[in-house]
2 protein chains.
Amino acid sequence: MSVRKIGILGGGQLGQMLGLAAIPLDLECVFYDPAPDAPARVAGRHVCAAWDDLDALARFADEVDVVTFEFENVPTKSLAAVAARRAVHPGLRSLELTCDRIREKEFLRDAGVPVQPFAAVSTTADMDLALAAVGTHGVLKTRSLGYDGKGQRVVRSAAELAPAWDALGRAPSIYEAFVPFDREVSVVATRGADGACVVYPVVENLHTQGILFRSIAPAPISDLLAHAAERYARQVLEGLGHIGTLALEMFVADGTIIANEIAPRVHNSGHWTIQGARTSQFENHMRAVAGLPLGDTGAPEPAAMINLIGGLPPLSEILAIPGTNAQFYGKAPRAGRKVGHVNVVAPTRELLAMRLADLEHVARIHNRLA
Amino acid sequence: MSVRKIGILGGGQLGQMLGLAAIPLDLECVFYDPAPDAPARVAGRHVCAAWDDLDALARFADEVDVVTFEFENVPTKSLAAVAARRAVHPGLRSLELTCDRIREKEFLRDAGVPVQPFAAVSTTADMDLALAAVGTHGVLKTRSLGYDGKGQRVVRSAAELAPAWDALGRAPSIYEAFVPFDREVSVVATRGADGACVVYPVVENLHTQGILFRSIAPAPISDLLAHAAERYARQVLEGLGHIGTLALEMFVADGTIIANEIAPRVHNSGHWTIQGARTSQFENHMRAVAGLPLGDTGAPEPAAMINLIGGLPPLSEILAIPGTNAQFYGKAPRAGRKVGHVNVVAPTRELLAMRLADLEHVARIHNRLA
């Protein structure tokens, strides 16, 4: 049966961009999101109901041909209610293995993707074992529900681990070795319903206070490293049996790649693909979910993205910079909240760097991180 | 005052694509179209009312900050009712000078753009004068309301002119010299509210039974001819004082360019810009109408577009061809009706030609022209 109507759990900006990619393919999106002002409402019907409203979830599922998500922290019971009625792509395995940082790291290791040393911290007794296994310079993170740098503490000596765990409310946590990285990179990739995988060029990411500020494609790394990063993304897609788009975030450290985490959905570090790649990550996700052939992930020229966080510059100032395309999400600005992004392309890296400098200048004046 | 809400007269596929380009810029579109199933309804609010409903038009105008159109045959009275309340971009001059083929040709000639010999045919007496001025090989067209090859007849001898005019119902007509053209080309260009002009690469167009079937960018013509074509597009934008996007359709004949007609709006021969250019013709139109700086019209690699007419191939067959992006308009298929298009890009012209051959094969199987 051919897919015509796709249910999307979550209606944030990722949903908005999925919906805009779906319309030209004559696919209809229905978004489930408790927020009345969900940004995706401009790109499809919006079911405004609570995550624990199992009746509303059942009606939502019955209305569509297949379900996907743009928000991975959908409560397990809600997801199960939907999955009992309709196929969910990517599958629950992708969510289960990525919503818990310990299981995620174990999965990566088992899939042959290098990760830094890590250990679980669930009890006071775990702490000494963790320090012995990982070392005294590390990062303590809650096992679940962290994002944009929330729910984590850097540890610089053995004595700092216990207070860090207290600061995280003694939630079940993971203690990971600190990676003295040279660059943060990520790979966005999509796997189709037929198992075919497509991989976007590796991008270099720059975070500010834990929030992605800038992505540049392609990342300025050797082709040896780039091929390794792309291969790891394929191993993750295949290991998960993922259907749809995901992002693998990695470090480049001492000439090697170390995987950090998986986002089992379209990802902020892939927003540049809307203008910069021959097919966007959003379109490829919708193609995968609808069982269609995937599109070309190549980029004809260098591209970059800047996030607009907590405040929006005037569009006229952004668009006056050549090669730019802006996307405002229609969200009320609030410190630390992603309210838009700007893509920029240029025929050469040198020109891209100059445009990017102008763009960063405009963005930083209006960004409010905290 | 900054523009937030844009009224669009007409809600066809051009409106749909304008609306999809507007959403990322946080612009809201309201479409006025009498058809309940207007394709643009997925990209903004749809006011479903008749063209002669002056009250509905007034309410529509009052609701928005500025008005534009995707359909140039809006009745004059309806347009006047809107223009009395809100700025309309492009202005009425662009419509007046292009809705009558005689005034259009006179405008082109006066703007310094070469046109073929032409003459008005309004009475039987005009016919001899027209034959003397234009010659016996020509095309007779109604002065207004013709599109997609409708309302025109080819004349191959003096004796054929009178029957041709009868066939057009003796409507006020224009008799133009037949141009033995080598290629049909067009230029899409946008002029901003501040008078700045941007011009897309010249495209080569292929028509089948009067309907555009294929566009290829850039057109395989010399840079001398390409520069002339681009210059003519600028002269037209400036001569009209146009704000927004338009297309200038031209012939390449005997090593020169001859202008054929102006479409005072986004145009089918510019659909390739959605994937192929750094900024689409639709986004640039919305930027112009909203008073924003215009975007880069360059194309990083060769691109083409194929129209889907009267029937839709399965998406899976189209998207299996590398480099393709499809856009289905959500219209019921009917012979001769444009129901979608496919864009295709490739790193080289040679590869583009091969992909295009595959794509044309798929499209022709399903296209129904009449």
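Reader: Which strands and which helix of chain A do the buried residues of H7(A) pack against?
Author: This is a predicted model, in which local features need pLDDT of at least 70 and side-chain atom pairs count only at pLDDT 80 or more, while totals for chains, interfaces and linings use all residues. Residues are numbered from 1 along each chain as its sequence is written, with chains lettered from A and ligands numbered from 1 in the order in which they are written. Contact here puts two C-beta atoms, placed from the backbone, within 7 Å. The partners in chain A are strand S5 (118-121), strand S6 (138-142), strand S7 (152-155), strand S8 (173-177) and helix H6 (126-134).

Reader: Which residues of H7 in chain A are buried?
Author: Helices (H or I, at least four residues) and strands (E, at least two) are DSSP runs numbered from the N terminus. A residue is buried with 20 or more other C-beta atoms within 10 Å of its own, exposed with 12 or fewer, and partly exposed in between, the C-beta atoms being placed from the backbone. Helix H7 spans residues 158-167 of chain A, and its buried residues are A:Leu161, A:Ala164 and A:Trp165.

Reader: Why do they count as lying on the same side of H7(A)?
Author: The test is the arc of the directions from the helix axis to the C-beta atoms. These residues are on the same side because they cover an arc of only 95°.

Reader: Which exposed residues does the face turned away from the buried side of H7(A) carry?
Author: The buried side holds A:Leu161, A:Ala164 and A:Trp165. Turned away from that side, the face of H7(A) carries A:Ala159, A:Pro163 and A:Asp166.

Reader: What radius of gyration does chain A have?
Author: The rule for a globule is 2.2 Å times the number of residues to the power 0.38, and the radius is taken over C-alpha atoms. For 370 residues a compact globule would come near 21 Å, which agrees with the value for chain A, 20 Å.

Reader: How many residues does chain B bring to the contact with chain A, and which element supplies the largest share?
Author: Chain B brings 29 residues and chain A brings 29 residues. Helix H11 (315-319) and strand S16 (324-328) of chain B each supply at least two residues of the side that touches chain A. The largest share, 4 residues, comes from S16(B).
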